[in-house]
Amino acid sequence: MLQAAILIVAQAIILLTVSPYIVGLIRKVKARLQCRRGASVFQPYADLAKLFRKQPVVSDATSWIFTATPYLLFASTLAAGLLVPVFLSHTPLNFAGNIIALVYLFALGTFFLILAGLDAGSAFGGMGSSREAIVASLTEPAMIMSIFAIALTAGSTNLSTIVHKTALLEGIVTDPSPHLMAFAALFIVALAETGRVPVDNPATHLELTMIHEAMVLEYSGRYLALVEWAAGLKLLVFLTLIVNIFAPWGIATSLAPGALGLGLAVYLIKVSSLAVVIGVIESMFAKLRLFRITDLLGVAFILALLGMIFFYIMRG
Amino acid sequence: MLPISPQIGSQMVDLGSALLLLTCFAIIAQRRLSACVDMFALQSVFLAATAVMVAFLTGIHHIYIAAALTVIIKAVVIPRILKQVVERLNVKRELEMNVNIPAGLLICGGLVMLAFFITQPIIPLGFLLTRDSLAIALAIILIGFFTMIARKKAVTQVIGFLVMENGLFLGATAAAYGMPLIVELGVFFDVLVGALIIGIYTHRLQDAFDSVDTTKFTTLKE
């Protein structure tokens, strides 16, 4: 019991401390590719610390939703992160929810962020919310389908079971095609959900193209810090989900200290390399026009659907 | 004795045909004509790789020849002809289609399921290790056919036709370890000549109408 509690707290601390580093790493990679030196990878920590010290300004026109949303968003994202195996294949909280709970914990945070964007009544907030609603409604079917494709091959919707089976090479070697399709679909979904290029540009301050930035335009001080931290956390949870479902090799399958240490080291290397890949993708591709996003997410949905169909075809 | 087990080999063939189907969807989702041509070339490379895998597993040598011809003709020569056509026409991308891209993708997803349900009663009767690819081959043929219907530009219609041919090749490999070599050679020659004729004919279309939109044909009068 105590051991489980320690593991849960350790996982929460790792997720919270690593997420600003991942955000900083992606910025650094982009800066290097643009021939700039760029800020240190630890800059986001300083930004968060500064924002927490600042006094927040809240508009008179807002309701309780505006002040409650940052806490709700942060809590739901962290709860989602605790359901995903990070460095140990059996998370202590795996009884609390499966992969479908994970999807809807993210959706809960997104829903409240959309409401908060509308709450202040500014034109940009409403526009950002409307766009976020489009993207969220298009990513959800793709994400659910790709998750079903993985769950079918593993025979379970429990994330710990899926990761454990794959880590012991019980699932992926018998079905490479569904996994490949589901991987491609989930990667596109991760880019769209976390507001990266080609769907949204996290570095933009041009009002006409913003999605996530437009929604959080009214936030300041500790509220903004929480929203930013939650966004970094969401990115990290998606990266964790992808590396641990599709390449869980090296993850600790037992509680031995050596295995745990190795699992943690391998996890950090894998997540960092995926973050570098995202940084390179952001430098290589232009942002899509808003009305072309449906094409990209349509591709993600079809890929996930194919993953599921292949599971049935390939069994002959 | 084979160096790899038949089960792993069969999975490699499955994976190859899955990649073939994936490139079909890339063609459907792509607006830029030159990227469509590149995707077709990539698809032909995957087809050749799958054929080599089948040849390696079965020890049937003439499939190697067919695979080599696939690479030369479909991955090098025909894409080069099509690229020239695209370059000479000043049409870089297709903006108007009969079916828009998201709807096209969904229809193609439906076609894959249709192909799967049609072949489902037949596949368990087969004994070849490539039998699972039959469903995918049928799906590729249907998607190629759909591309010819959905797109208006002559170049993408040619690509749809060539995709259908790739699907037939995969189907023949899946159902019977490939056709006799002489038939295969005849088909390759036909496809090459077909692509050449359509290329020239597209130029004529451009000259006559200042566009390669095949819907313009409805205005032809005697």
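What radius of gyration would a compact globule with the 222 residues of chain B have, and what radius does chain B have? With 222 residues, a compact globule would have a radius of gyration near 17 Å, and chain B has 18 Å, which agrees. The model is predicted, and the predictor gives the complex an ipTM of 0.77 and a pTM of 0.86.

**Chain B: fold and confidence**

Seven helices and zero strands make up the secondary structure of chain B. Read from the N terminus, its elements follow the order α-α-α-α-α-α-α. Along the principal axes, the C-alpha atoms of chain B fill a box of roughly 60 × 35 × 30 Å. Of the 222 residues of chain B, 42% count as buried. Among contacts in chain B with a separation of 6 or more, 75% are accounted for by residues 24 or more positions apart.

Chain B has a mean pLDDT of 84, and 95% of its residues reach 70 or more. Confidence in chain B is lowest in helix 7 and highest in helix 5, as tabulated below.

| Helix of chain B | Residues | Mean pLDDT |
|---|---|---|
| Helix 7 (lowest) | 181-209 | 82 |
| Helix 5 (highest) | 133-150 | 91 |

Where pLDDT is low, the predicted coordinates should not be read in detail.

Helix 3 of chain A covers residues 64-83, 20 residues in total. From its first C-alpha to its last, helix 3 of chain A reaches 29 Å, close to the 28 Å expected at 1.5 Å a residue. At Pro70(A), helix 3 of chain A bends by about 30 degrees. Pro70(A) is also one of the buried residues of this helix.

Which helices do the buried residues of helix 3 of chain A pack against? They pack against helix 1 (2-33), helix 4 (99-119), helix 6 (159-167) and helix 9 (221-246) of chain A.

Helix 6 of chain A is mostly covered, with seven of its nine residues buried. The buried residues of helix 6 are Leu159(A), Ser160(A), Ile162(A), Val163(A), His164(A), Thr166(A) and Ala167(A). These residues pack against helix 3, helix 4, helix 5 (123-154) and helix 9 of chain A.

Note on methods
Residues numbered from 1 in each chain as written. Chains lettered and ligands numbered in written order. Predicted model: local features only at pLDDT ≥ 70, side-chain atom pairs only at ≥ 80, totals over all residues. Helix = DSSP H or I, 4+ residues; strand = E, 2+ residues; numbered from the N terminus. Expected span 1.5 Å × (residues − 1). Bend = angle between axes of the 7 residues up to and from the residue. Buried ≥ 20, exposed ≤ 12 C-beta atoms within 10 Å, placed from the backbone. Contact = placed C-beta atoms within 7 Å. pLDDT = per-residue confidence, 0-100. Rg over C-alpha atoms; globule rule 2.2 N^0.38 Å.
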